[in-house]
Amino acid sequence: EGVFVNQGKNSLTDGVINRSKRMMLDTLGVGLLGTRTAVFNKALKYSQLFTSRERSSVWGQSDIILPPHYAAFVNGIAVHSMDFDDTWHPATHPSGAVLPALLALAETLPSQPSGLDLLLAFNVGIEVQGRLMRFSKEAYNIPERFHPPSVVGVMGSAAASAKLLGLSPEQCIHALAIAASSAGAPLANAATQTKPLHIGNAARGGLEAARLAQIGLKGNPAILDLDRGLGVYYKDYSPSAMADSAVRAYKWILEDQDVAFKRIPAHLGMHWVVDAALAAREKLQNAVGKFDLSQIRHVTLRVPPSKYVNCPLPATEHQARHSFQFNACTALLDNKVTVASFGDAQIGRSALKELLGKVSLETPEDNLPSFDKMYCEVEIATHQGPSYTARCDTFYGHWRKPLTLKHLVDKFRVNASSVLCTVGVEGVIDVIGNIERVADCSILGSYLRMTSNQEHLDRMRIL
Amino acid sequence: RAIHKSAVEAPEDTVTASFGKFISEIKPQHLSPVVLHRSKRMVLDSIGVGLIGSTTDVFELALQHCQNMYAPGDSSSVYGHRGIRLSPILAAFVNGVATHSMDFDDTWHPATHPSGAVLPAVLALSDMMPANNKPSGLDFLLAFNVGIEIQGRLLRFSNEAHNIPKRFHPPSVVGTMGSAAACARLLSLDPIQSSHALAIAASLAGAPMANAATQSKPLHIGNASRLGLEAALLASRGLEASPLVLDAVAGVAGFSAFYEDYVPQPLQSPGNDSHMFLLEEQDIGFKRFPAHLGMHWVADAAASVHKILVGVGPGTVSPAQVEDILLRVPKSKYINRPFPESEHEARHSFQFNACTVLLDGEVTVQSFTPAAMNRPDLHALLSRVRLEHPNDNPANFNRMYGEVQLTLVGGDTVKGRCNTFYGHWRNPLSNDSLRKKFRSNAEVVLPSEKVERLIEVVEDLDQLRDCRNLLSQLQ
């Protein structure tokens with residue numbers, strides 16, 4: 001594994017470059033939007049206890065700098081704060097654990113890395129996560145014990161940071177070993193305000209591991225081989241060595257397995273149920289001519305079994321993002337689910353609560369808890385008699401049906417514009433679009449700090 | 001700004017809520033004399049091993065890391081390093097690393113190293129508090145004991161925890177939780193914030209056993225200390241997490257993620273009179289030399305063999321006399337190392353510690369230096385060692401034993417057995433022995449007046465009005 005991290009730039013294929021740039025753009029967009037959340041603000045206030053000689057940017061803040069570890073921490077939190085970031089198969093949120101660490105680290109290096117250096121390190125971080133998840137069958141299903149970003153995310157961050165730092169193969173191995181001792185957060189904190197910290201902690205833990213390895217700290221060099229190494233996080237664990245990357249044509253996982261980008265800031269499973277609910281709603285509307293809530297007698301959702309996204313009556317935005325019931329009902333009520341759907345006022349609507357009271361869940365045997373195999377079905381039973389059912393096997397944005405470039409960039413623009421001025425927004429799009437040709441990636445940091453005038457005014461008003 | 005009422009209050013009858021309530025409502029008067037006495041012994045020993053630990057390579061590395069990353073925060077002391085102050089989180093980190101750097105720190109049953117995860121965080125937090133609001137010695141001791149108690153309670157939630165660990169290194173699991181609890185107590189968080197501190201800490205817990213016997217192991221304690229402190233600070237700023245983190249919820253793992261079997265029990269709320277702290281029923285083991293606890297049994301067994309041989313012969317055991325060395329020990333992979341190559345491995349090697357005692361009569365701090373480790377005589381003895389794992393010798397610090405059977409050239413055998421080493425909770429170190437260990441450790445970095453003053457201050461800790469007297473002696 002240490003030798004892999006060490007390899008060179010010409011092994012990035014066009015397919016991988018294209019896909020990973022999409023991931024970087026989406027991650028920056030959701031991160032920027034996420035810097036306006038409550039959890040981000042708590043983490044930022046906390047992190048401002050620390051100062052250092054090294055300074056790294058906080059996305060969407062024109063004048064706040066933090067020690068690199070804490071910049072990685074808060075920016076990582078921002079990325080996952082609304083559950084709006086990318087998802088892979090086997091399941092994890094790969095980019096949020098890696099990109100914040102790399103950008104924070106890049107700002108501290110004596111000579112600025114090129115865009116291609118950054119892109120390569122990013123892909124190393126993604127690839128390592130993908131490889132590690134393939135060591136167990138457990139990883140292929142929706143998790144039940146450990147939240148995957150907290151297990152493989154910190155390893156990816158360590159690998160990516162080690163790559164950018166140019167560590168030797170031996171040091172890379174120790175970076176991974178040290179990172180393993182920071183891995184593993186229980187799933188119980190998903191659907192709470194602490195979940196975003198899993199990504200923030202993964203980013204900073206991996207960065208720290210790489211820096212400790214750089215100054216000579218050693219861990220167990222067989223950390224990935226041993227059951228009592230990374231194997232502790234899995235019930236079944238069968239590691240295999242990576243292919244020799246000295247061979248020219250390295251086969252990146254990202255080439256074969258794309259990520260999913262979210263259209264809704266909610267757990268990935270929600271996307272299926274929303275698309276199914278919208279389709280069922282449309283069927284009802286087409287049949288009856290007008291959609292009216294009072295027509296609905298009962299709603300049945302057929303979903304895969306997964307306790308932490310089965311929440312009949314969510315009380316917080318975090319629970320709402322992890323609730324089949326909430327997302328289905330919001331879709332039925334509003335004919336859309338957006339960023340705004342998760343505000344306190346929206347969650348508390350009496351019409352919504354009334355509809356939630358009419359929902360029941362079924363978990364058919366053929367509906368497997370895997371993001372590659374699951375489906376959702378929504379059946380609306382009406383008082384008049386007829387039922388309207390729709391099923392979604394693959395939502396738009398899933399890796400089987402990827403977002404078009406236009407829609408991906410649109411999502412980024414909407415997110416980023418809530419925080420950055422137009423110059424900043426377009427600047428990021430431009431830099432990422434051409435990243436493999438950018439000589440000095442510090443320009444990216446400058447754009448990420450270009451907050452809009454309105455933002456500036458708003459903040460001054462608060463002061 | 002409207003006050004955002006926490007929408008995630010735990011119903012009163014959950015295990016998680018009971019822990020939050022305990023932490024928040026426990027008071028100094030609940031500390032019994034036995035608990036006061038035992039915990040002060042722990043504080044003393046922990047400071048001592050931390051002071052000597054601040055001379056190790058791994059400590060130096062951790063310190064360098066913190067100083068590289070962060071400009072000097074001016075609040076918290078670093079063991080044995082005058083003139084260096086770090087921010088509280090980082091002070092907790094490096095002092096925790098120091099405490100565990102030589103595997104010299106205390107061990108409890110069920111197995112963990114409780115003090116190193118808690119004391120550095122409580123010290124750092126005390127340093128951080130404003131001058132006109134420093135905790136009293138009793139507040140300090142209470143917070144320390146909360147941190148220990150929570151660890152003990154959590155370890156009793158599973159059968160797995162009763163044996164020598166195989167998967168997660170216990171300090172990285174319960175230590176982080178203990179640190180969070182202690183800091184929540186010192187910060188006077190309310191019951192709900194206290195339970196969120198535990199939940200936030202759970203997401204920072206857990207390191208694999210594979211890094212034991214490596215240079216990274218001490219970071220498990222350093223991280224437990226600082227991350228628990230961090231969790232409490234985040235909770236104090238309103239961060240919320242799972243209100244069911246300690247409860248067993250089918251399909252969604254909380255703290256249960258770290259165990260194969262998990263049956264949580266609520267903590268009784270401290271009544272008006274007393275709370276039975278676990279430390280009252282189950283004392284701590286203090287180590288006499290810096291190595292894994294299991295080594296102490298074989299060392300004492302080997303010592304009686306050494307005594308017999310040396311009494312009879314020329315004053316030392318010579319490899320030429322020895323045909324075979326048989327160790328009867330519990331089965332535990334990470335402390336079975338025939339030829340350790342680093343000091344970290346040597347501290348986790350039945351073979352190394354037994355042979356060192358056969359040669360020298362005892363294991364000391366010096367036994368792990370490169371010179372001592374490379375001795376040809378030692379290597380000669382090591383090559384004659386074999387291990388047996390009798391069925392009646394479980395991998396459990398409460399029930400294991402160590403047996404050393406030497407077969408001399410010529411056929412005679414000499415046997416030694418240790419059921420309970422001196423320092424184990426069944427045969428605790430006397431106060432004199434504990435102070436002797438403390439002096440020997442602390443004098444490596446502090447002048448003897450400071451060393452004596454520390455002993456006095458800790459002895460009277462519960463009477464101290466202001467814990468600054470303690471804090472100022474550590475550097």
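## A salt bridge between the chains

B:Glu230 pairs with A:Arg204 in a salt bridge, with the closest N and O atoms 2.4 Å apart. A salt bridge here is a side-chain nitrogen of Lys or Arg within 4 Å of a carboxyl oxygen of Asp or Glu. Chain B and chain A have two salt bridges between them.

This is a predicted model: local features need pLDDT of at least 70, side-chain atom pairs count only at pLDDT 80 or more, and totals for chains, interfaces and linings use all residues. Residues are numbered from 1 along each chain as its sequence is written, chains are lettered from A and ligands numbered from 1 in the order in which they are written, and side-chain values use heavy atoms, with hydrogens and water left out.

## The interface of chains A and B

Each chain brings 55 residues to the contact (heavy atoms within 4.5 Å). Together, chain B and chain A bury about 4,700 Å², 58% of it on carbon and sulfur atoms. Buried area is the accessible area (1.4 Å probe) that two parts lose on being put together, summed over both.

There are 27 residue pairs in polar contact across this interface, both residues at pLDDT 80 or more. A polar contact is a pair of N or O atoms within 3.5 Å; within protein, one must be able to donate a hydrogen and the other to accept it, and residues adjacent in sequence count only if both atoms are side-chain atoms. On chain B, the elements giving two or more residues to the side that touches chain A are helices H3 (57–69), H8 (191–202) and H9 (217–236). Helices are DSSP runs (H or I, at least four residues), numbered from the N terminus.

## Two domains in chain A

Chain A is assigned domain 1 (3–261) and domain 2 (268–392). These bounds come from an automatic or database domain assignment. The domain centres, taken over C-alpha atoms, are 33 Å apart.

In the contact, 19 residues of domain 1 meet 13 residues of domain 2. The two domains bury about 1,500 Å² between them, 68% of it on carbon and sulfur atoms. A:Met82, A:Ile142 and A:Ala191 supply 38% of the area that domain 1 buries there, more than any other three residues. The domains have zero salt bridges between them and three residue pairs in polar contact.

## Backbone details

The peptide bond from A:His89 to A:Pro90 is cis, with omega near -5°. A:Pro90 sits in the loop between helix H4 (68–80) and helix H5 (94–106) of chain A. In chain B, the bond from B:His109 to B:Pro110 is cis, with omega near -5°.
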